[in-house]
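Please look over the model shown here before reading on.

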Amino acid sequence: MKFRHLFPVALFAFAGTLFAQTTLNVITAGDQNMVDYVNNYLAPKFEAMNPGVKVRAVGTGPGDAGSQKIYEKLSAQQKAGNNEWDVDVAVIHQLASATMVNEKLLMMYRGDVSAGKLVSRDTAKNALGANVDGYVLPMFHSQIAFAYNPDTVKAPPKSFVELNEWVKKNPKQFGYNGVKGGMSGVGFVTGWVSAYSGLADKLEKGPYDASSQAAIDKALSGLKEFNQYVVMTPGNAGTLDMLNRGEIAMGPVWVDMFYTWQADGRLNPKVKLSLPSPGLPGQPMYYVIPAKAAHAALAKKFIDLAESPDVQAEGIVKQFNWYPGIDPQFVQSKMDAASWNKLFTDISPADLSKYGRPFPLSSYFKDITEGYERVVTK
Amino acid sequence: MNRQRAIALALIAPALAVVALFFVAPLAMSLVVAFRSKNGAFTLEHFAKAFDFYSTDLLFTLAIVVLSTLLIGIVAIAIAGYLTLGGNPRAVAVLRWLYRWPLFIPFVVAGQVMRTFLAKNGMLNHVLIGTGLIDPLSAQSLLDWRGIVVAFVWKQAPFVTLLLAGAMASLEPQHIEAARNLGARSMRVLIDIILPQVRGTLLVGLVLSFVTMLSVLSVPLMINPNSPTMITVDVAYRISTHGDYPVANALCLLSLGLSAIGAAFYLRHASRSSVATS
């Protein structure tokens with residue numbers, strides 16, 4: 001009975017694939033919300049504008065690990081000498097973009113799309129110290145911040161030093177996810193090292209100096225002591241889960257995940273955000289086109305749509321709670337004030353520009369994450 | 001004779017090819033990568049790094065798996081023993097029906113279930129608090145090594161029980177009846193009469209569980225990915241975040257060393273029983 005009902009549906013689905021002549025393959029690193037964004041929001045818009053085109057989005061998983069998979073896929077096709085690669089648009093993290101530009105896996109395309117002129121932030125040219133100018137367009141920026149429950153935390157710590165005192169007075173009330181459970185934990189660790197090593201500027205701007213390892217290790221040994229007073233959470237979502245269940249009172253989270261969970265009713269609406277001094281890192285995700293993408297022209301069109309002020313306003317900011325990838329002035333004018341302000345309820349634009357920092361250069365980044373395993377967790 | 005040999009070889013060739021292609025070749029590649037430095041020379045640096053970073057995790061892995069194996073043994077003996085000797089036919093029937101359920105649940109689902117079940121404000125603590133067994137302030141999260149052990153025992157005990165209960169059922173009932181006629185209690189019958197006869201099966205079940213648990217990634221990843229954690233999580237982390245295959249391969253070889261201990265037990269038992277039957 002049920003199968004008979006399914007049959008026409010299957011037939012339509014089959015017919016659908018027959019009529020769509022071209023498939024635009026979009027592959028994206030990051031959490032499931034990235035795939036949802038492309039599939040549920042961008043794809044229908046793009047398909048309506050380009051009859052005969054079908055957008056297919058695939059996710060490769062959260063964190064730099066997801067970008068690493070994309071890198072390995074493209075690198076394999078390059079080494080095999082293929083003339084057409086099966087990825088048209090990729091969405092990747094900063095760390096991978098530096099490697100991929102270096103190994104000539106990407107196409108220089110910013111000059112070919114009109115939205116290329118709308119980007120203003122330094123991250124469009126510089127990814128963790130590597131020059132990626134022209135190869136990338138930021139899809140959005142996201143930021144790590146402390147989420148806290150104001151019922152139990154009346155005055156959230158304003159700096160890492162205050163946090164260090166706070167956890168001693170409130171043991172096991174702060175939680176984060178280490179370096180193996182997602183980027184919000186990694187960002188907390190790099191933020192800690194920036195705050196306690198005295199190297200904040202050098203870690204972000206370079207030049208790389210291997211002898212900084214001693215200062216980094218010293219900062220990390222402070223973190224080892226700090227860890228005795230905190231709870232380790234299982235992942236980015238794990239921190240939010242534990243906050244929601246009241247098992248911890250504070251922890252570092254991604255701002256966009258935080259707002260999305262609150263909007264979905266998965267997180268206590270009372271929980272708030274704060275950005276401590278001297279800051280926590282944030283990062284963009286980049287749209288890139290592989291050097292030998294099979295449908296490069298369509299890919300450019302797709303990114304042009306994705307970077308247009310309307311899509312950035314409606315999709316990136318309003319629906320998915322990310323900070324825009326293009327210059328905010330083009331986006332703000334497309335939005336009602338209430339939706340725009342929602343993004344800045346807890347963290348003001350001034351705080352964001354002061355305390356929202358980039359991740360350290362990739363060599364320092366590696367020194368810090370490996371140092372964490374050597375100094376803190378051993 | 002030669003012809004027969006050729007036919008025999010041809011018959012096993014596909015199986016051999018599969019083993020060579022999908023097991024021996026990757027293992028050899030893993031060996032090569034683990035011992036090769038950037039310029040292609042032989043090196044132990046990846047093992048040095050693996051020990052430097054992950055020696056705690058290696059010990060942690062071994063401790064968790066050994067503890068889980070022991071607990072699985074106890075649970076399996078208890079359940080299989082009751083299924084064989086239990087006096088209440090209804091209770092035996094219910095237990096027989098219930099105990100196999102976890103067999104059909106994948107590890108990743110078991111991990112996910114435990115994540116909500118064992119959390120500080122999870123279901124287990126809610127029940128304990130609700131029944132007044134513990135007070136709310138003393139509730140603690142079990143999502144650390146204990147969570148991993150609980151998930152492993154829950155998942156693997158039915159497997160060993162299945163083997164063990166089968167072996168117990170095929171024993172000669174006269175032995176049990178004779179012991180009972182002479183006044184032995186159930187516990188005595190289980191330990192002195194039944195267990196010695198099914199020792200081999202128990203050992204095989206436990207060794208297989210030991211090796212399986214060593215290779216599980218999903219459970220530690222979901223319950224306790226932070227240190228100390230199991231070696232599988234470290235392997236995944238080295239590859240996925242650092243693209244560091246050499247150290248990952250070194251870790252894989254180390255965990256292969258651990259499972260070789262299990263394999264040695266298994267082979268010794270297998271060769272002994274094949275001698276006994278021949």
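Predicted model: local features only at pLDDT ≥ 70, side-chain atom pairs only at ≥ 80, totals over all residues.

Residues are numbered from 1 along each chain as its sequence is written, and chains are lettered from A and ligands numbered from 1 in the order in which they are written.

**Confidence**
- The model has an ipTM of 0.72 and a pTM of 0.78.

**Helix α6 of chain A**
- Helix α6(A), residues 183-197, spans 20 Å from its first C-alpha to its last over 15 residues, where helices are DSSP runs of H or I with at least four residues and strands are runs of E with at least two, numbered from the N terminus.
- Of its 15 residues, 15 are buried, that is, 20 or more other C-beta atoms, placed from the backbone, lie within 10 Å of the residue's own.
- A:Gly198, which follows α6(A), has a positive phi near 70°.

**Strand β6 of chain A**
- Strand β6(A), residues 137-148, is largely enclosed by the rest of the structure, because 12 of its 12 residues are buried.
- β6(A) runs antiparallel to β11(A), residues 280-288, with 6 bridges joining them, and A:Gln143 stands opposite A:Gly282 in β11(A).
- β6(A) also pairs (DSSP finds at least two bridges between the strands) with β9(A), residues 250-254, in the antiparallel sense over 5 bridges, where A:Ala147 stands opposite A:Gly251.

Note on methods:
Expected span 1.5 Å × (residues − 1).
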